[in-house]
Amino acid sequence: MVPPSSLRSRHPEGAPHRPGDPSGAGTSSIALQLTPPVQYVLRIADTCLIHAQRLAEWCGHGPVLEEDIALTNMALDLLGQARSLLSHAGRLEGQGHDEDQLAFLRDERDFFNLTLVEQPMRRSSAHAPGGDFADTVLRNFLLAAWLKTLWTRLAASSDDDLAAIAGKAVKEARYHQQHAGDWVLRLGDGTEESAARLRAALDRAWPYTHEMFRRDAVDAAAEAAGLGPGRDVLREAWLAEVAAVLAAAKLARPADTPFLSTGTLGRHSEHMGFILAEMQSLQRQYPGGRW
Amino acid sequence: MAEPHFLESAAAALASRIEAAWAALDAVPDPEVPAVSVRDLGIVRDVLEHGDGIEVVLTPTYSGCPATEVIAASVRQALVDAGLGPVKVTHRLAPAWTTDWISAEGLARLLAYGIAPPSGTAAVAPGAPAAIRIRPPGVACPRCGSAQTERLSAFGSTACKALHRCLACREPFEYFKPI
């Protein structure tokens, strides 16, 4: 099988690697040299990347054209943020891994995104997993508020590159939060049907928010080094913003639950493998392929 | 007196090379909003001279802006065409680009092109809670000037614009979002 002509190998031999070719060194996963700062940055990078990947599933399927454009625009911002962060994680790791290798050649256990972002978002058929548009609206809102709170603090990082990335991203997150907040209001304080669906989406998403604020040794190390805040620090500001919008949308805040998801530790839900299979398949089959 | 004279002319040549580079940048359009140049847009942070070469420092607009690479390539090409090569283009992220950096000429050109320029300044007090609102404040129509407009979509054809509609002349138009 010959790769399409638009895909050229970056490998010096010039001969494109064939799918399944055991000599294709580029096909195998990279070995990550994981340190607390690298994991700290990858948690944010992967949360942006996988959230972008899920939002992009709406491309061409938005409930209205304007929202189709909005969801994919937000995916584009998040992808840009992920690219900057992955490049930076590669620099911190010091093994010469670039953004593409980190996105396409890591195994599931080496991804450290919040479990919330990997949950199915758009229902592709009546029998497929995934919620409805209310899940998209709500997840977008919870995450935009979380990321904005995080970017705001990261802008004061002792790491100049991370501070610069955050200083730019916070402006984008602000727009995302406004847009998603408008939708939470519209659906929550809308019809009986829209309110019921948003309430159901809120009940589904809320248990996953526990992980957004669960402090661990990686957070402690980042805080000690001045790299960025521990996740627990974000909770108060996040909750203030989220509670205000939920109240305006006439939605009650669900009770907190003991359930704790573990994506930030590299232990993912059953959906993660499917996302990676789709996201990574081209690079795994045609190593080094590019447009 | 030969030596000082030589130094003076060298300094003049240096200034004119950098001036020539800035002038060349005036003619490089933004690929997605061709009415304005990259210089008008305020994304050129610096032009530096290194020996025979010129370095242009750019600040990207949005993290995911797909035009970033095209802009770097067209800047390089324009300076090489002006005989100023070799040219190196570098990126500087901080401070983050803001629409406050669009020049007065740039704002006027946007308006003439039919894109409503960003209203007010982008500076939002850090930490200020996001406003809860369905309807954004009115943006004047770039065609008829009416303030009776409404937003159709918070996101437009590119990351930097939103889509609005004038209720007076009924024409849709794009609005360059303050950021």
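What percentage of the 179 residues of chain B count as buried? The share is 35%. In chain A, 49% of the 291 residues count as buried. The model described here is predicted. Chain A has nine helices and zero strands, whereas chain B has three helices and seven strands.

**Chain A: overall make-up**

- Along the sequence, the pattern of chain A reads α-α-α-α-α-α-α-α-α.
- For contacts in chain A between residues at least 6 apart in sequence, 72% link residues that are at least 24 apart.

**Chain A: helix α7**

- Helix α7 of chain A spans residues 217–224, and its residues A:Val218, A:Asp219 and A:Ala222 are buried.
- An α-helix has 3.6 residues a turn, so residues three or four places apart point the same way.
- Exposed residues A:Ala217 and A:Ala224 sit on the face of α7(A) that is turned away from its buried side.
- The cover over the buried residues of α7(A) includes α1 (36–56) of chain A.

**The largest nonpolar core**

- The largest nonpolar core has 116 residues, and A:Val41, A:Ala45, A:Leu138 and A:Val184 are the ones that touch the most other members.
- Helix α4 of chain A (residues 133–154) supplies the largest share of this core, with 14 residues.
- Chain B takes part too: domain 1 (2–97) and domain 2 (113–176) of chain B each give at least three residues to this core.
- In soluble globular proteins, nonpolar side chains tend to be buried together.
- Apart from its neighbours within four places in sequence, A:Leu138 contacts A:Val184, A:Leu198, A:Ala201, A:Leu202 and A:Ala205.

**Where the chains meet**

- The contact between the chains involves 31 residues from chain A and 21 residues from chain B.
- On the side of chain B that touches chain A, 17 residues are nonpolar, four are polar and no residue is charged.

**Chain B: overall make-up and domains**

- Read along the sequence, the elements of chain B follow the pattern α-β-β-α-β-α-β-β-β-β.
- Of the contacts in chain B between residues at least 6 apart in sequence, 54% join residues at least 24 apart.
- Chain B is divided into two parts, domain 1 (2–97) and domain 2 (113–176).
- The contact between these domains takes seven residues from domain 1 of chain B and five residues from domain 2 of chain B.
- On the side of domain 1 of chain B that touches domain 2 of chain B, there are four nonpolar residues, two polar and one charged.

**Chain B: the four-stranded sheet**

- Four strands of chain B form an open sheet with mixed pairing, in the order β4-β7-β6-β5.
- The edges of this sheet are β4 (115–116) and β5 (149–153) of chain B; each has a single partner strand, so one side of each is left without a neighbour in the sheet.
- Strand β7 of chain B (residues 172–176) pairs with β4(B) in the parallel sense, over two bridges.
- Opposite B:Glu174 in β7(B) stands B:Ile115.
- Strands of a sheet pair through backbone hydrogen bonds, either parallel or antiparallel.

Definitions and conventions. Residues numbered from 1 in each chain as written. Chains lettered and ligands numbered in written order. Predicted model: local features only at pLDDT ≥ 70, side-chain atom pairs only at ≥ 80, totals over all residues. Buried ≥ 20, exposed ≤ 12 C-beta atoms within 10 Å, placed from the backbone. Contact = placed C-beta atoms within 7 Å. Nonpolar A, V, L, I, M, F, W, Y, C, P; charged D, E, K, R; others polar. Core = buried A, V, L, I, M, F, W, Y, C linked by C-beta atoms within 7 Å. Domains from an automatic or database assignment. Pairing = 2+ DSSP bridges.
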